[in-house]
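Welcome, and thanks for opening the viewer. Follow the stops below in order, selecting as you go.

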Amino acid sequence: MKLQLLSFIGMAGAFQMHAVDKNKPDTERPNIIFILSDDHAKPAISAYGGIYAKLAPTPNIDRIANEGALFNNMLCTNSISGPSRACLITGKYSTTHGLYLNEGGIVFDNTQPTTATILHSNGYATALFGKWHLMSKPVGFDYYKIHAASNQQGMYWDPLFETNGKVEKEKGYESNLSTNAALKWLDEGRDKAKPFMLMLHYKAPHRTWESDSIYQHLWDDMDFPYPATFNDDYKTREKTAGQSMATIENHLSRNDLKQVPPPGLTGKDRADWLEYGGSGKNQFWTPDPNLKGQELKNWKFQQYIKNYLRCVRSVDDNVGSLLNYLKKNGLDKNTIIVYMGDQGFFLGEHGLYDKRWMYEESFQMPCLIRFPKNIQAGIKINLLAANIDIAPTLLDYAGVKIPADMQGKSLKPLLEQNEKVEKKWRKSVYYQYYEYPKWHNVLPHYGLRTNRYKLMHFYYTEDMWEFYDLQKDPNEMTNQYNNPEYQKIIAGLKKELYKQQKNIGDDMHLEERRKMTEKYSLQYEH
Ligand code: CA
């Protein structure tokens, strides 16, 4: 186990200065804008199609895909906020960068190299706005303005921001405030003699799904369609997906469903009233005695999906403002724009919300990249990419040497349709997840996904495997692990899985792996 053995070989890259004539502005190297939203799933971006695309389109985010590339298989190697964000900036798996959990007091070791520290020491002006959520201070930025409240989780309304170390409350709605601050930095804050890297990280559309007041009643008079797997009974996955505490039916609170507390309730009474229904204990609460069973579940889904998509609407508006600013100021041609979610998210598929699982809905991240100089408009990339590839890709485009200890690969050859590299590209992606039981009771697991198959191992309380043929069963409804027809394929996948664990230094004994969860485990109260 090499968890805390952070290699500093990568720092060599950080100090390899790009040859820049100090008397001339450096306008040749590309600018980089990395936009990250929190829990934004592919079906909530209309460029990806899906059942919400026509009713809740995202025309501005779609522009990035229409004028650039769309990834169909950008996979999250640990589907939870802090760990995935750290993968994005270090180019390393979560057991290598060390932030393998979101909760329990573990923080990101900010002395290690990241895209920001490396680009900054190679002459880039750098800034960060919005949600950082690595639980330690941002390093490598000339300017930062991040959410400070609730362990950097942040708030939608009147948020508490930390600006270069100074904490202040600001009036307004998060997505608008972060965008305005980013535009101000682009306009008057940055050193215009240098190329820039701007990271704009929205809190939206994360739980508690609070929309801007202008969208509070958007879609009030209509219903959204239900995903095909909305009423999944978890047959053959009873002890895994079936034990989730993130079901639409039983784990959404009054607060999640935007119910208004009775007047006069204050303090703990008010908080208890709002949290009611979220734990699974009071799942039969209803805002209307006539609403029960399937109808009640459907009603909860409609509240959930509308609030989530209302938050997305504001993100899309703000991405539009940013794109318009770049065009108006002649920055649209030499700026790489990346749009991603920090992992996938369940939007009612399998009856769930939230993330964490290696199942497709949370494993798949949206990823759109626009850079007209080098990337052909409208291309779709189906090869297997991962969050650990983003850091090497950005360094590659900036002309900076990629540190040898980064575990991801530059996606530049895929973006530029280099057939030679495409032919030799990776055939599988490794996954790891550790946080249990809070939140949502998702058993720790690891696994491997190829273009066609997925193998998952749940090792924490019992020893359970799942296997899916994604070509025959894209919704992962039937665990085929014991099907004799697949035994040869499963044996091959296991071999590859163990090989990859060894290669990345994650080949520990199951007992040691269980201890990693126990060390920071947050328990539910009984
Ligand atoms: Ca997230």
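**Stop 1: the two domains.** Colour the protein chain of this predicted model by its domain assignment: domain 1 covers 28-211 + 306-422, and domain 2 covers 430-520. Their C-alpha centres are 27 Å apart. Where they touch, domain 1 contributes 32 residues to the contact and domain 2 contributes 31 residues.

**Stop 2: the surface between them.** Now show the interface of domain 1 and domain 2. About 2,800 Å² is buried between the two domains, with carbon and sulfur atoms giving 57% of that area. On the domain 1 side, select Tyr100, Arg356 and Met358: these lose the most area to domain 2, together 27% of what that side buries.

**Stop 3: links across the interface.** How many salt bridges are found across the interface of domain 1 and domain 2? There are 3 salt bridges, along with 19 residue pairs in polar contact. Highlight helix H4 (94-97) and helix H10 next, the elements that give two or more residues to the side of domain 1 that touches domain 2. Then pick glutamate 360 and lysine 454, whose side chains meet in a salt bridge at 2.8 Å, N to O.

**Stop 4: tyrosine 453.** Select tyrosine 453, which is found in strand E16 (residues 453-458). Is this tyrosine 453 buried or exposed? Tyrosine 453 has a relative accessible area of 15%, and it counts as buried because that value is under the 20% cut-off. Leaving aside residues up to four places away in sequence, show what tyrosine 453 touches: Leu448, Phe467, Tyr468, Asp469, Leu470, Tyr486, Ile489 and Leu493. The side chain of tyrosine 453 also makes a polar contact with the side chain of arginine 452, at 3.4 Å. For a distance check, pick the C-alpha atoms of tyrosine 453 and glutamine 471: they are separated by 7.8 Å, and the two residues are 18 residues apart along the chain.

**Stop 5: the calcium ion.** Finally, centre the view on the calcium ion. Which residues coordinate the calcium ion? They are Asp38, Asp39 and Asp342 through OD atoms, with Asp342 giving two of them, and Gln343 through OE1, at 2.2 to 2.7 Å. Along the sequence, these donor residues follow the spacing D-D-x302-D-Q. Aspartate 38 sits in the loop between strand E1 (31-37) and helix H2 (59-66), and glutamine 343 in the loop between strand E9 (335-341) and helix H10 (360-363), so this pair ties together parts that are 305 residues apart in sequence. Both aspartate 38 and glutamine 343 are buried.

Conventions
Residues numbered from 1 in each chain as written. Predicted model: local features only at pLDDT ≥ 70, side-chain atom pairs only at ≥ 80, totals over all residues. Heavy atoms only, no water. Donors = N, O, S within 2.8 Å, 3.2 Å for Na, K, Ca; no water. Helix = DSSP H or I, 4+ residues; strand = E, 2+ residues; numbered from the N terminus. Buried < 20%, exposed > 50% of the residue type's maximum accessible area, 1.4 Å probe, protein only. Domains from an automatic or database assignment. Contact = heavy atoms within 4.5 Å. Buried area = accessible area lost by both parts, 1.4 Å probe. Salt bridge = Lys/Arg side-chain N within 4 Å of Asp/Glu carboxyl O. Polar contact = N/O pair within 3.5 Å; in protein donor to acceptor, adjacent residues only side chain to side chain.
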